[in-house]
Amino acid sequence: MIETQRLLLRRWEDRDRPIFHAHCSDPEVMRYLGPLLDRAETDVLLDRQNGFIDSHGYSFWAVERREDGALLGFCGLKPGAPDTPIEHDIEIGWRFGRDYWGQGYAREAAQASLDWGWANTDAPLISAITVQGNTASWGLMERLGMTRVVGGDFDHPKAAPPLNPHILYRIGRPA
């Protein structure tokens, strides 16, 4: 578990499933992420994240607000997607329910995830991907100190054409 001033980043629990499904079935939340997910697809996604914890020690963790226990979304690290330029990297990513946008939660959780990654892995760099239109996401990448990889745009093999190309950001291990 990772603790910040306002947040807990933790393993997924069954109580999280209906709330996270609501996020994944919100067209505005999923606008740059792909099709809306049904409950079974959301369950597969969460089970995969817990599997990453079991096999790697990290995942896109559940993000819980400490003040009231509300599930805000996810943030964390996972192995990069196969058949992409980040397949051998650690990827950082986030997804929050619309009610939690613009309050600094993503920045707080992402910085904590980067700090955890540097302290607990030997990764030389951490990568992030999004689509060009997702200015909030790549803006956060830049605020975290990540740099867009020139010539790094690519078509994600699992993304529908409107969500391609993807853009690639990276940050190197601090000295």
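A crossing counts as left-handed if the near helix is turned anticlockwise from the far one by less than a right angle, and as right-handed if clockwise. I use that convention for the helix pair below.

**Basis.** I am working from a predicted model, in which local features need pLDDT of at least 70, side-chain atom pairs count only at pLDDT 80 or more, and totals for chains, interfaces and linings use all residues. I number residues from 1 along each chain as its sequence is written, and side-chain values use heavy atoms, with hydrogens and water left out. For elements I take DSSP runs numbered from the N terminus: helices are H or I of at least four residues, strands E of at least two.

**Helices α1 and α2.** I looked up how α1 (residues 17-24) meets α2 (residues 39-56): they pack at about 115°, with axes 9 Å apart. The axes are lines fitted to C-alpha atoms, for helices over the stretch in contact, and angles run from 0 to 180 degrees between N-to-C directions. The angle therefore makes α1 roughly perpendicular to α2 (under 35 degrees is roughly parallel, over 145 roughly antiparallel, 65 to 115 roughly perpendicular, the rest oblique). The crossing of α1 past α2 is right-handed. On the α1 side I list Arg17, Pro18, Phe20, His21 and Cys24, and on the α2 side Arg39, Thr42, Asp43, Leu45, Leu46 and Asp47; contact means heavy atoms within 4.5 Å.

**Aspartate 16.** I find this residue in the loop between β2 (7-10) and α1. Is aspartate 16 buried or exposed? Aspartate 16 is buried, at 1% relative accessible area (buried is under 20%, exposed over 50%, partly exposed in between, with a 1.4 Å probe and protein chains only). Its side chain reaches the backbone nitrogen of glutamate 13 at 2.7 Å. Leaving out residues up to four places away in sequence, aspartate 16 touches Arg10, Arg11, Ala62 and Leu71.

**Aspartate 54.** This one sits in helix α2 and counts as exposed at 57% relative accessibility. I note a polar contact of 3.1 Å between its side chain and the side chain of arginine 11. A polar contact is a pair of N or O atoms within 3.5 Å; within protein, one must be able to donate a hydrogen and the other to accept it, and residues adjacent in sequence count only if both atoms are side-chain atoms.

**Threonine 121.** I place threonine 121 in the loop between α3 (105-120) and β6 (125-131). Threonine 121 is buried, with a relative accessible area of 18%. A polar atom of its side chain lies 2.7 Å from the backbone oxygen of glycine 117. Beyond four places in sequence, threonine 121 touches Tyr58, Ile90, Trp116 and Arg173.

**Helix α4.** In α4 (residues 135-143) I find Ser137, Gly139, Leu140 and Met141 buried. The buried residues of α4 pack against β5 (90-96), α3, β6 and β8 (166-172). Just after α4, glycine 145 has a positive phi of about 95°.

**Backbone exceptions.** Most residues other than glycine have a negative phi, and most peptide bonds are trans. Aspartate 83 lies in the loop between β4 (71-79) and β5 and is exposed at 62% relative accessible area. I also logged a cis peptide bond between asparagine 164 and proline 165, with omega about 0°. Proline 165 is in the loop between β7 (147-148) and β8.
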